[in-house]
Structure formats: C-alpha cells, structure tokens
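Please look at the sequence and structure first.

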Amino acid sequence: MSKARVLVVDDDRAVGMVLASLLKQAGYESHHVPSGEEALAALASRAIDVVISDVRMPGMDGMELLGEVKQRTPDVPVLLLTAHGSVPLAVEAMKAGAAEFLLKPFDRDEVLFTVEKALATNARVAARPPDAPVRGEGMVLGDSDAMRECVARLKKAAPTVATVLLRGESGTGKEVAARTLHGWSPRHAGPFVAVHCAALPDNLLESELFGYEKGAFTGATQRKPGRVELAQGGTLFLDEIGDISPAVQVKLLRLLQEKEFQRLGGTSAEKVDVRFVAATHRDLEAMVEDGTFREDLFYRLNVVPVWMPPLRERDDDVALLASRFCAELAEQNGRSGLRLAPDAIAALRAHDWPGNVRELQNLIERLVVFAEGDAIRGSDVERELGARSARGSRTSGSPAPVDAGTLDAHRVEAEKGAIRDALTRAQGNRTQAARLLGISRRTLYNKLAELGLE
C-alpha cells in the first residue's frame with residue numbers, strides 16, 4: 001500500500017518535529033504544522049489519512065479542530081494528544097468523534113499502534129492501490145559476517161509460506177527484518193500488519209488480534225475486524241511473542257495450526273490466509289522448560305529461526321548505519337548536508353551499544369538536533385554518551401567510580417560464565433550455544449580462544 005499520510009498538529013515545534021520524525025521512520029509520510037488553522041489549510045490542499053493534534057493550542061484548539069475535521073472530511077480519523085489528560089476530556093473527545101486519546105509524554109510503540117489502528121478504519125486508505133514494492137536490501141543494512149548470515153536466511157525463507165521466528169536482543173531491528181522479509185515475499189503487495197504483544201493487556205490483545213462481534217462486551221456497538229483479518233493475503237507480525245499469556249497462547253496455537261480464528265462473541269470459525277512472522281528477545285526454550293510458554297506453540301513458531309546479531313558483534317556496521325541515520329534524520333530535521341566527521345565515527349565504533357541499533361538511531365537523532373556547523377564531531381558523541389552515563393550514575397546512586405581494571409575482570413568472568421552456561425544447555429553444540437547467546441558462531445569461536453575456554 002502506498003504511504004499513509006499523517007498530519008501532526010502541535011504548537012510546540014520540538015514535540016511536533018519529533019513526532020513527525022518518528023512517523024517517517026516507521027514508513028509514513030508525515031508533516032507537521034503548528035496550528036489548527038494551518039492544519040485545515042493542509043487538509044484542503046491535499047489528502048490526509050490521519051490527523052494527530054495537540055488539545056491545548058492558542059487560537060483553534062484540538063477540540064475545535066476535531067469538530068472542523070469531522071465536518072469537512074468525516075472519514076479522516078483524528079487522534080488527540082495532550083499533557084493534560086483527564087477522564088472527562090477523553091470522554092468528551094470520543095463523543096465528538098476522536099478515534100483515540102493519547103497522553104504526553106507519548107510512547108513510540110503506543111503512537112504507532114494507535115495510528116495503525118486508526119488507519120484500519122479509513123476505507124479510503126484500504127482502497128488505495130499499492131505502490132511498487134520495495135524489494136532491495138536497503139531495509140536491512142549491514143555488511144558484517146553476522147548480518148550477511150541473517151540476510152541469507154531471510155532470503156531463503158522469503159519465497160515460502162513458512163513461519164519465521166526472529167530472535168535477538170531488544171533494539172536489534174527485528175521489525176525491520178520482518179518488513180524486509182515481507183517485501184521480498186510473493187505477498188509483498190498484500191498488507192503487513194504488526195501487533196506489539198507486550199504493549200497490550202490480555203483482553204485488549206485478544207480483541208485486537210481476533211476482532212469482536214457487536215454486543216460481545218459493553219461498548220462493542222458494532223463488529224470490528226481484528227489484526228488477523230486485516231492481514232488477509234499478507235503478513236502478520238507478532239512482536240514480543242514471549243510476553244503473551246497462556247490463555248492467548250492457546251488461541252494463537254489454533255490460529256497457526258488450523259489457519260482459522262473466532263471473533264470475540266462469535267459463534268463460527270473464520271478461515272484466513274496469512275503468513276506468520278514472530279519476534280522475541282526472550283529465551284523461549286527456558287520458558288518452555290519452566291512451563292510459562294507452550295511447547296507446541298514454540299515448535300509452531302520456530303519453523304525458520306533467524307537470529308538478529310547485537311550491534312556490539314557487528315562493529316563494522318556501526319559506521320554504515322550511523323551514516324545512513326545521519327543522512328535521513330538530517331533531511332527530516334531541516335539539516336541537509338550534515339555529516340559525521342571521522343573522529344565521530346571512531347567514537348561511535350568504540351561504544352558497546354547495549355540498546356543496539358535503536359540506541360544508535362536515537363543517539364544520532366539527538367546529535368543532529370544539537371549539532372553546530374556542518375559536521376558532528378567526536379567530542380559531540382563523547383559529550384552525549386558521557387551525559388547519559390552521568391545521568392545513569394546519579395539515578396543509580398553509585399557512591400564512587402569503580403576501577404576500570406576491576407570492571408574488566410568482572411566482565412571477563414561474566415562472559416565466561418555465560419558461555420559455559422550456554423554450552424552446557426546446548427550439550428556442547430557450539431552452533432546452538434551461539435544462538436542461545438545471540439552471537440554468530442565465528443564470534444563464539446573467537447571468544448572461546450580469547451577467554452581460554454577452548
């Protein structure tokens with residue numbers, strides 16, 4: 001489907017630009033305006049699919065804008081955003097036709113989930129002809145050995161209908177990999193529907209997945225299709241699958257086995273043609289052992305496992321990723337031409353990136369915002385990383401700096417313990433041990449030699 005167009009309306013330029021940038025990174029075409037009056041002008045000049053508006057603004061406020069949008073373009077969903085949320089205001093907004101009510105400070109996943117949900121109600125978006133699919137390798141970016149192995153597995157799996165389980169630490173780019181897999185597959189012209197399982201409580205997750213019939217519960221005034229139905233003919237991406245409850249696991253198992261589901265309040269099963277891709281940062285094997293994750297569901301999901309390597313194991317990719325993020329984010333923030341100086345790239349490569357690619361992307365955006373001149377310097381990188389470390393130290397209340405040699409000794413012992421544990425659990429199988437550790441076999445062999453564990 002061609003890019004959905006989202007209009008962000010907020011008199012706080014910083015908030016509006018951050019929100020518009022977040023939406024662009026997620027694949028939407030987004031634009032920010034600072035007032036309700038300018039929003040109406042934008043709606044009159046081009047087709048908009050979703051409006052996200054602050055409630056409290058000078059001049060025309062968000063509630064007034066909501067009324068005007070509902071009168072002029074009633075099919076366009078409006079999401080209201082405010083730091084002054086209250087139950088009465090939320091009720092008033094919903095009665096006036098708001099699709100959803102979000103509170104500042106906003107959560108990235110919640111915003112994206114809510115926008116996707118709002119788009120699903122826009123019939124004009126659903127009827128829009130698809131763009132030519134993106135089939136290249138630019139979405140999964142990296143040239144390290146670990147990343148090449150990951151991409152090779154994605155390419156092998158893409159033409160099939162096999163369920164793929166993406167595994168790895170948080171922030172390693174599992175959703176990007178899922179979207180790439182969809183783009184390479186024969187289903188690329190169909191929908192890609194993502195469900196962030198950890199972001200929703202059980203009752204909401206079930207209704208979002210399977211939908212519900214009119215009268216299924218209080219407030220269900222009409223039948224609502226679930227994400228499974230919306231993914232018909234395409235790909236359903238189940239992010240953080242390890243966080244779902246046993247009750248939802250049972251229903252998901254039936255969906256995977258029988259390719260059918262039942263809406264809440266429904267009496268008949270519905271067939272569906274969907275390709276399943278799941279992702280998790282959790283150790284599902286351990287969860288199966290302790291009884292918190294169904295063994296039969298695990299095997300249904302783990303047909304084609306793909307391990308996403310952490311960024312610390314692909315330092316050759318840091319410069320490539322950082323340069324791409326810098327170019328994209330500089331363009332989005334009106335800083336075209338901004339570049340990373342060589343000493344900045346060296347400083348980035350020296351960092352261990354516990355938050356992986358997501359941490360790198362967030363840091364680059366912060367550097368773009370605060371950059372002076374036409375280049376980001378190594379001192380800029382060190383300042384931002386140092387400020388974050390200082391904040392972490394103040395928060396934790398650590399009494400004094402720890403000697404670097406002591407820290408290094410602790411790190412070595414921790415690495416040895418983790419590797420020994422993984423090898424024991426894998427019964428000596430080094431390939432499986434590497435997967436349990438979330439690293440490549442080559443990295444494991446190097447670590448075994450480095451730590452004297454061979």
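Helices are DSSP runs of H or I with at least four residues, strands are runs of E with at least two, and both are numbered from the N terminus. The model discussed here is predicted.

By that numbering, Lys259 sits in the loop between α11 (246-258) and β9 (260-261). Asn356 belongs to helix α16 (residues 356-370). Most residues other than glycine have a negative phi. Lys259 has a positive phi near 55°, and Asn356 has a positive phi of about 60°.

Glu208 lies in helix α9 (residues 202-210). Leaving out residues up to four places away in sequence, Glu208 touches Phe113, Lys117, Leu200, Lys224, Gly226 and Arg227.

| Residue | Relative accessibility | Class |
|---|---|---|
| Glu208 | 7% | buried |
| Lys259 | 33% | partly exposed |
| Asn356 | 0% | buried |

The helix pair consists of α14 (residues 316-332) and α15 (residues 342-350), which pack at an angle of about 125° with their axes 9 Å apart. Angles from 65 to 115 degrees count as roughly perpendicular and those over 145 as roughly antiparallel, so α14 and α15 are oblique to each other. Their crossing is right-handed. On the α14 side the contact involves Asp316, Val318, Ala319, Ala322 and Ser323, which meet Ile345, Leu348 and Arg349 of α15. By type, the residues of this contact are five nonpolar, one polar and two charged.

Notes. Residues are numbered from 1 along each chain as its sequence is written. This is a predicted model: local features need pLDDT of at least 70, side-chain atom pairs count only at pLDDT 80 or more; totals for chains, interfaces and linings use all residues. Side-chain values use heavy atoms; hydrogens and water are left out. Axes are lines fitted to C-alpha atoms, for helices over the stretch in contact, and angles run from 0 to 180 degrees between N-to-C directions. Angles under 35 degrees count as roughly parallel, over 145 as roughly antiparallel, 65 to 115 as roughly perpendicular and the rest as oblique. A crossing is left-handed if the near helix is turned anticlockwise from the far one by less than a right angle, and right-handed if clockwise. Contact means heavy atoms within 4.5 Å. Ala, Val, Leu, Ile, Met, Phe, Trp, Tyr, Cys and Pro count as nonpolar, Asp, Glu, Lys and Arg as charged, and the others, Gly among them, as polar. Buried means under 20% relative accessible area, exposed over 50%, partly exposed in between (1.4 Å probe, protein chains only).
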